[in-house]
Amino acid sequence: MPVPEPARGLRVALLGCGVVGTEVARMLLEQGTDLAARAGAPLELAGIAVRDASRPRDAAIPPALLTEDAESLVDGADIVVEVMGGTEPARALLLRAIEGGAAVVTANKALLAADGPTLYKAADSAGVDIYYEAAVAGAIPIVRPVRESLAGDHVRRVLGIVNGTTNYVLDQMATTGLDLDEAVKQAQDLGYAEADPTADVEGYDAAAKAAILASLAFHTRVSADDVAREGITGVTSADVAWAARTGHAVKLLAIAEQTGEGVSVRVHPALVPLEHPLAGVKGAFNAIFVEADAAGPLMFYGQGAGGRPTASAVLGDVVSAARHRVLGGKGPQESIYAARPLLPADAAVTRYQVRLLVADLPGVLAQVAGVVGDHGVSIDTVRQTGPSEGTAELLLTTHAAREASLAATIAAVRTLEPVREITSVLRVEG
Ligand code: NDP
Ligand code: HSE
């Protein structure tokens, strides 16, 4: 029997050697034999581009592989892995790689959510793969299931916890009673949150992931700017404590849903009933709930961040791209054929839980309820605590209504004479 020719090695250029890049390099170097067998060809780590090649690195990183000349590294590569982050020079380097005929793998959600279609179009024209499983929820396989496994179904809704840092912060607030700043500090100390945690706590990171998921789920172009975004900075310890008292957990949710009118994509903190699977997602874990017509509900759960978990998703993409190189052809491309209209934030339908301090006088509850009803919003439950020094605390939960009606209701209630303060307005989801 003839001995098969050994396949030519595929040159892998790695852009970035930080939290994720270090683990990608380690896995490529340590698991070379297995990866070659799975990919059908040896994967040769051709080099690693960094900003400062003289900086001390993990012992697993051979110094000879480091370079500050990313452009030369990209030229001649078969597969380019981008884990440097930011918009430029990541975008220019990926376009250069694609134009040079390389398949590309990226974990860069910010770039994809801002300008993914430019890269997808370039990859399509060049006939090369562009993969980005790691860009949404780290290790969790969610991009491929939504893009490929559910391609024959009709996805109605994607609801998820896609930011580990904020989930950790909210979970700590609930379990230990820390306030938001203390919990963020703890997340930084543990390495979950960046030194500047703005992208996490203000919801930008989750919005980028929501845009990517919505684009895939609804075959419609959605960019980060199309996502209605609210972070967790307004969530107080009292909100979290009240949530527990009423059978809820506060979670930062990414929600993408398709209605007869169009597509709504939003990120905001919300109360999730404790019996919902998303309420049980603890610490820095992520989970994504997908509802499709034929498949029904699907849940994806796992580590959404961290070097090793994210490198797992990156390496999966590298092996897929390598297989296509060996066998010829490429994987499925993105589709935005449906081009559904994107709905404004205030068209979303949701429920509110509102806490307010009112004068404890006869008729006040009726006055508040009247204003809510006048705006076409229906009250589900009312709970009163107090009084204390003539002030009672009301907790109203509404039935589902459009955001616009709910916002107008809150504005009108705020103007009522006996209303001393609206202490909290949280959406209820799930
Ligand atoms: P890091 O900041 O830890 O690492 C970035 C790396 O890129 C560093 O090695 C840096 O070089 C290099 N780099 C940055 N800019 C340049 C440049 N202009 N030229 C050459 N090299 C450059 O980032 P992470 O590893 O945390 O994240 C990388 C990507 O992965 C981001 O897009 C992020 O959103 C994404 N991601 C990260 C996850 C995580 O848990 N960290 C999870 C999922 C996705 P130097 O070392 O010299 O500074
Ligand atoms: N900062 C992100 C998180 C990392 O906390 O989930 C993964 O994108």
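This short talk walks through one predicted model, starting with an annotated lysine and its ligand and then turning to the strands.

Before we look at anything, please keep in mind that this is a predicted model, in which local features need pLDDT of at least 70 and side-chain atom pairs count only at pLDDT 80 or more, while totals for chains, interfaces and linings use all residues. Residues are numbered from 1 along each chain as its sequence is written, chains are lettered from A and ligands numbered from 1 in the order in which they are written, and side-chain values use heavy atoms, with hydrogens and water left out.

Let me begin with Lys 209, which UniProt lists under "active site" in an unreviewed entry; UniProt positions are given in the numbering used here, feature names are shortened, and annotations may be inferred rather than shown by experiment. Lys 209 lies in helix α10, residues 204-218, where helices (H or I, at least four residues) and strands (E, at least two) are DSSP runs numbered from the N terminus. Is Lys 209 buried or exposed? Lys 209 counts as buried because its relative accessibility is 4%, and here buried means under 20% relative accessible area, exposed over 50%, and partly exposed in between, using a 1.4 Å probe and protein chains only. If we leave aside its neighbours within four places in sequence, Lys 209 is in contact (heavy atoms within 4.5 Å) with Lys 109, Ala 135, Val 136, Ala 137, Val 162 and Asn 163.

Lys 209 also belongs to the residues around ligand 2, and among the others are Lys 109, Asn 163, Asp 200 and Gly 304; a residue is near a molecule or strand if one of its heavy atoms lies within 4 Å of it. A polar side-chain atom of Lys 209 lies 2.8 Å from an oxygen atom of ligand 2, which can be read as a polar contact, a pair of N or O atoms within 3.5 Å (within protein, one must be able to donate a hydrogen and the other to accept it, and residues adjacent in sequence count only if both atoms are side-chain atoms).

As for ligand 1, it has 22 residues around it, of which Cys 17, Val 20, Asp 52, Arg 57 and Gly 306 come nearest. An oxygen atom of ligand 1 is 2.8 Å from a polar backbone atom of Cys 17.

Turning to the strands, 6 of them form an open sheet with parallel pairing, in the order β3-β2-β1-β4-β5-β6, and its edge strands are β3 (66-67) and β6 (130-131), each of which pairs on one side only. Two strands pair if DSSP finds at least two bridges between them, and β5, residues 103-106, pairs with β6 over 2 bridges, with Val 104 standing opposite Ile 130.

My last stop is strand β10, residues 263-273, which is largely enclosed by the rest of the structure because 11 of its 11 residues are buried. Strand β9 (residues 248-258) pairs with β10 in the antiparallel sense over 11 bridges, and Ala 256 stands opposite Val 265. In the hairpin of β9 and β10, which has 4 residues between the strands, Gly 262 takes a positive phi near 155 degrees. Strand β10 also pairs in the parallel sense with β8 (residues 228-229) over 2 bridges.
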